[in-house]
Amino acid sequence: NDASREIKEKLTMAKISFTKLNKIKSLPVVEISIDDQKVLVEQYLPLEEKVNLITSVIEQSGNGEEGFFNIVKLEAYYIIEMIRAYTNISFTEKQLEDTTKLYDAIRLNDIWAAVADAIPGAEREYIWSNIMALAREITTYNNSVLGVLKAISSDRDGLNFDVQEIMNNLNDPEALKLLKGMVDMTGLTN
């Protein structure tokens, strides 16, 4: 067909080497002043560092072990990890051990407000929205039948997990009725 050949030729002619477009290697840091201290703030974190930051926040926040994430913990760890990743502000191990006290000090001294203003909004939004999306995905998985079964199997020594016993119980009409009710409540049958 002539039309598709013409489009294909235009696309072939329109190719541009990426090296011609790849001009920016990194963005310069911004210098801000907090309480007469010079603080350097990165304007962009490489993707690998963003992934590590997001993972760290999720892991420190409990990884949804109770079946959900505590939004307050997510925010506290997000702020602390953002400051650690984007600035030259350092914390001692002792300070990092007491998250609530560190978070309060950061908020009371307006450190986060100053740092957040210096980090581009797109960077903050990207990281926060991905933290929330990952927390939702983990919560959904942990509360799914598959997640519950995985949790049971990973703790099987403590529960004296016996597959044969479960199979015997599933042959019991009352046990089948209970299992069907649980599956119906999860919405997996719809």
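The protein has 12 helices and two strands, where helices (H or I, at least four residues) and strands (E, at least two) are DSSP runs numbered from the N terminus. Along the sequence, these elements follow the pattern α-α-β-β-α-α-α-α-α-α-α-α-α-α. The model is predicted, and local features need pLDDT of at least 70, side-chain atom pairs count only at pLDDT 80 or more, and totals for chains, interfaces and linings use all residues. Residues are numbered from 1 along each chain as its sequence is written, and side-chain values use heavy atoms, with hydrogens and water left out.

Of the 190 residues in the protein, 24% are buried; buried means under 20% relative accessible area, exposed over 50%, and partly exposed in between (1.4 Å probe, protein chains only). The protein exposes about 13900 Å², with carbon and sulfur atoms supplying 55% of it; accessible areas come from the Shrake-Rupley method with a 1.4 Å probe, and for residues only the protein chains shown count as cover. Among contacts (heavy atoms within 4.5 Å) between residues at least 6 apart in sequence, 61% join residues at least 24 apart.

Glu 123, Ile 127, Ile 131, Met 132, Ala 135, Ile 138 and Thr 139 are buried in α8. These residues are on the same side of α8 because they cover an arc of only 155° around the axis, taken from the directions from the helix axis to the C-beta atoms. An α-helix has 3.6 residues a turn, so residues three or four places apart point the same way. The buried residues of α8 pack against α3 (47-60) and α4 (71-86), while the face turned away from the buried side carries the exposed residues Ala 122, Arg 136, Glu 137 and Thr 140.

Leu 134 also lies in helix α8 and is partly exposed, with a relative accessible area of 33%. Beyond residues up to four places away in sequence, Leu 134 touches Ile 54 and Ile 58. Leu 134 and Thr 55 are 79 residues apart in sequence, yet 8.9 Å apart in space, C-alpha to C-alpha.

Turning to the loops, Ile 16 sits between α1 (2-13) and α2 (18-21) and is exposed, with a relative accessible area of 60%.
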